[in-house]
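Reader: I am new to this structure. Can you show me how to read helix packing and a core?

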Amino acid sequence: HNDHQLDYSFIHLPAPTPQGKRNGSTKAINDSVLFNHGFLSAHQYMSTLLKVTTDSLNYGRDTNEDNLVHCQHGDTVCLCHNCIQRISNAIDENTEQLEAETQAYIHAVEEEKDKERRLRKALSINAGIHNGELPPGQRKENELVQNTIQSFQHEIMSLETACQEHEKELTNLNQLINEQSRISETLSLQEESLLLEYNILEKDAKVFEDIHHQLAQQCLSAERERSHLSHVRLHSTLFDIFVDEKGVRYPLINNLRLSHRPKNDLTWIEINSAWSQATQLLMFMSSTVKFTSRNFGIVPLNCAKIIEVDSAGKKMYHHLGVDIESIDRKTHNTDHIIASLRVFYRLLYQLFLHVKGSKVDIGLAPFEMSSHVVGNFNLELIEDNDDKVWIAVVNCIASNLRWMSHQL
């Protein structure tokens, strides 16, 4: 094949700046700027430098001058040693660059020749395949190439199939990612809602805790008050009974004298009020222990009454005093209330039996009690006009009433 000469213009060498005028200085030569020139222009440029340097050196030897200044003698340019040295350095540098670029040129030419050989070989093999004129060695090599090509084609088809599957999988993954993004947004909204509800619940819990603490304090205070009240005897607190152990003074209930008849400054009005307080205390204690008499009832008015109901259902009213405001004047002429005291004691005795039957330990009464006996006195046998004994009986009844009010 023919070797085609490559254009030398692809090689670039540094070239001097155009001198312009003929009398350019040495500085203009040495401070040259790089321009793109061909190999021939670089060669001519370096030849010119060498000629100028040689002429200058020859002129210096002829004139025996050691240090020449810049001058011009005919066509010869006179240069000093310093300028000549600088020109020499420039020539050496350009020479090294030309050698490097020459090697690059040679390497490029070799590569082009190798490409041309491979191309011609491929064209000849292709032509032989169509004409059936391949030598045996090339046929084997061609079969190997064909098998390799087919293998590559199968591999390419497999890769295309895999790429399609990967594209489908990528599409599915993108759909899943989008779905996960929607789920994530939904979960984020739900999380924010839950956090908001949690904050509300936390605030409510704090309020509830404060309320619970306040209620606990109130319950504790109420329990303390209940404990204190449990030690308070309401009956004895509301109804203060005083009994003179010597029996000299009348027994008192809330500073009111208890007696079976008026005497001196003790009037029916005070007696009415005193026995009204006594019946109220008796009714209060009955309510506390849930006691209800079968045949007696209490009416604690200004003039207290005890209602007795017999087996036939007939009612009898026993006045513990004189009902001054009543239209019925029968009680106005009453001298004593001994019969009513017997009924009052029977009712008190029923309450005493109920308390003992309810397994409440109340201890022993100051005066022993039975159906008709209190202390040493049998109420059924005492004469109505025996004032001294009835005063003692009233004192016994008041003592037992006071004792029971302290126990319940």
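This is a predicted model: local features need pLDDT of at least 70, side-chain atom pairs count only at pLDDT 80 or more; totals for chains, interfaces and linings use all residues.

Reader: Which residues make the contact?

Author: From helix 7, the list includes Ile-338, Leu-341, Arg-342, Phe-344, Tyr-345 and Leu-348. Helix 8 brings Trp-390, Val-394, Ile-397, Leu-401, Trp-403 and Met-404.

Reader: How many residues of this contact are nonpolar, polar or charged?

Author: The contact of helix 7 with helix 8 has 13 nonpolar residues, no polar ones and 1 charged.

Reader: Now the core. Which members of the largest nonpolar core touch the most other members?

Author: That core has 48 residues. Trp-275, Met-285, Leu-320, Phe-344, Leu-401 and Met-404 touch the most other members.

Reader: Which helices supply at least two residues each?

Author: Helix 6 (268-288), helix 7 (338-357) and helix 8 (387-407) each do. The largest share comes from helix 7, with 11 residues.

Reader: What does Leu-401 touch?

Author: Leave out residues up to four places away in sequence. Leu-401 then touches Ile-241, Ala-278, Leu-281, Met-285, Phe-344 and Leu-348.

Reader: What does the second, separate core include?

Author: Ala-42, Tyr-45, Met-46 and Leu-49 are among its 7 residues.

Technical notes: Residues are numbered from 1 along each chain as its sequence is written. Side-chain values use heavy atoms; hydrogens and water are left out. A nonpolar core is a set of buried Ala, Val, Leu, Ile, Met, Phe, Trp, Tyr and Cys residues joined through side-chain atoms within 4.5 Å. Buried means under 20% relative accessible area, exposed over 50%, partly exposed in between (1.4 Å probe, protein chains only). Helices (H or I, at least four residues) and strands (E, at least two) are DSSP runs, numbered from the N terminus. Contact means heavy atoms within 4.5 Å. Ala, Val, Leu, Ile, Met, Phe, Trp, Tyr, Cys and Pro count as nonpolar, Asp, Glu, Lys and Arg as charged, and the others, Gly among them, as polar.
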